[in-house]
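Trainee: Hey, I've just opened this one and I'm a bit lost. Can you walk me through it?

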Amino acid sequence: MSSPARTRPVEDTIPKIENELAIGEDLEFQRRWWRFEHVVWICFTIILALDIAGVFGRGPLSKAHAKTSDGAIHMTYERFARFQTPSLISLHLSPAAVRNGHIQLWVSQSIIKPLGNQRIIPQPATSELAQDGVLYTWPSGVRPDSVDFAIEPSTAGVEHFTVRLPELGDQLTERVIVYP
Amino acid sequence: MAAVFRALFGYCFLVLMVRVVGRRPGKQMAPFDFVLIFFIGGLTLTAMVADDRSLTNAIVQIVTIATGHFILTLLRRKSKKFALFLDGTPLVLLSKSKWYSETLGNMNFSTDDVMAAIRGKGLVNPEGASWAVLERSGSINVIEADDSK
């Protein structure tokens with residue numbers, strides 16, 4: 001036969017209201033919680049406002065421009081990107097970018113790996129590994145108005161990237177903040 | 001490893017969100033409250049799963065959430081302060097023909113919500129209820145006045 005279940009006497013420890021209802025209401029705690037909730041709702045409002053403004057990506061404040069001193073490269077990109085979410089780095093190249101019958105563009109390794117380059121539009125004729133990056137070449141006959149890098153960041157954090165026209169020596173180094 | 005942290009974060013975030021959004025589950029839930037539960041749950045799911053749709057990921061995350069839930073339940077039993085933080089405190093909404101307007105307002109409850117609970121008890125007016133209490137679970141318990149029996 002199994003032993004009986006352990007028991008203990010019922011103690012009248014729950015505070016009562018109007019000496020009648022044993023409820024254990026802690027109104028002081030609840031008032032502190034309501035104040036905390038008000039702070040949380042203010043934070044939610046701020047988060048929404050920041051998101052609409054684009055601080056978390058995909059908004060007006062996220063759009064960034066940069067160009068080299070001689071205007072050979074004009075770049076538009078999103079300074080705030082999101083983890084595994086598509087984003088675009090667009091490079092507008094001036095006619096001066098054409099050298100020796102072709103356009104050569106060097107991009108840093110960070111565009112390939114942490115920023116997760118998926119494809120390049122238009123596709124380059126050749127791509128070859130160069131020091132700390134990749135060198136792309138397009139024939140000048142099809143000089144593109146813009147070269148787009150469709151990226152999907154594979155890690156969260158702050159990433160710096162560089163694009164360069166090696167034959168002109170012009171380069172841009174910018175920063176993208178990737179949210180998790 | 002990332003799956004465990006994603007699941008833990010998602011679980012803790014949801015617990016906090018549901019706690020902040022308010023106590024209206026079960027009987028007190030209006031149809032639009034259901035939208036909140038499904039929407040928040042669905043959106044959290046996409047971030048938790050990410051690009052890993054494997055069975056391994058699902059099992060690891062379910063085990064993580066089950067463990068997290070067990071730990072929360074344990075802490076809730078061991079610590080009164082933690083229980084207060086997690087569940088809140090029972091609150092009086094009505095007492096002997098007095099509405100507790102501060103509580104009703106701050107909890108975003110209307111007198112209609114309390115009247116629904118009073119009617120559910122078979123009473124036809126608030127005078128028939130001695131007390132109405134919003135429990136930690138979100139349900140409203142009504143205690144009949146002696147003279148209404």
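This is a predicted model: local features need pLDDT of at least 70, side-chain atom pairs count only at pLDDT 80 or more; totals for chains, interfaces and linings use all residues.

Trainee: What does the secondary structure of chain A come to?

Mentor: Chain A has two helices and 14 strands.

Trainee: And what size of box do its C-alpha atoms fill?

Mentor: Roughly 95 × 50 × 20 Å along the principal axes for chain A. The radius of gyration of chain A is 29 Å, whereas a compact globule of 180 residues would be near 16 Å.

Trainee: How much of chain A counts as buried?

Mentor: 22% of its 180 residues. As for contacts in chain A with a separation of 6 or more, 61% of them join residues 24 or more positions apart.

Trainee: Switching topic: which residues touch the most other members in the largest nonpolar core?

Mentor: Those are A:I73, A:L91, A:L93 and A:L105, in a core of 25 residues. Among the chain A elements giving two or more residues to this core are β4 (73–78), β6 (87–93) and β8 (102–108).

Trainee: What is A:I73 in contact with, leaving aside neighbours within four places in sequence?

Mentor: Its partners include A:L91, A:L93, A:V163, A:L165 and A:L172, and also A:K67 and A:D170.

Trainee: Which residues are in the second core?

Mentor: That one is separate and has 15 residues, including B:L93, B:Y100, B:A117 and B:V133.

Trainee: OK, chain B then. Which domains does the assignment give?

Mentor: Domain 1 of chain B covers 2–87 and domain 2 covers 91–148. Taken over C-alpha atoms, the centres of these chain B domains are 29 Å apart.

Key. Residues are numbered from 1 along each chain as its sequence is written. Chains are lettered from A and ligands numbered from 1 in the order in which they are written. Domain bounds come from an automatic or database domain assignment. A nonpolar core is a set of buried Ala, Val, Leu, Ile, Met, Phe, Trp, Tyr and Cys residues joined through C-beta atoms within 7 Å. A residue is buried if 20 or more other C-beta atoms lie within 10 Å of its own, exposed if 12 or fewer, and partly exposed in between; C-beta atoms are placed from the backbone. Helices (H or I, at least four residues) and strands (E, at least two) are DSSP runs, numbered from the N terminus. Two residues are in contact if their C-beta atoms, placed from the backbone, lie within 7 Å. The radius of gyration is taken over C-alpha atoms; the globule rule is 2.2 Å times the number of residues to the power 0.38.
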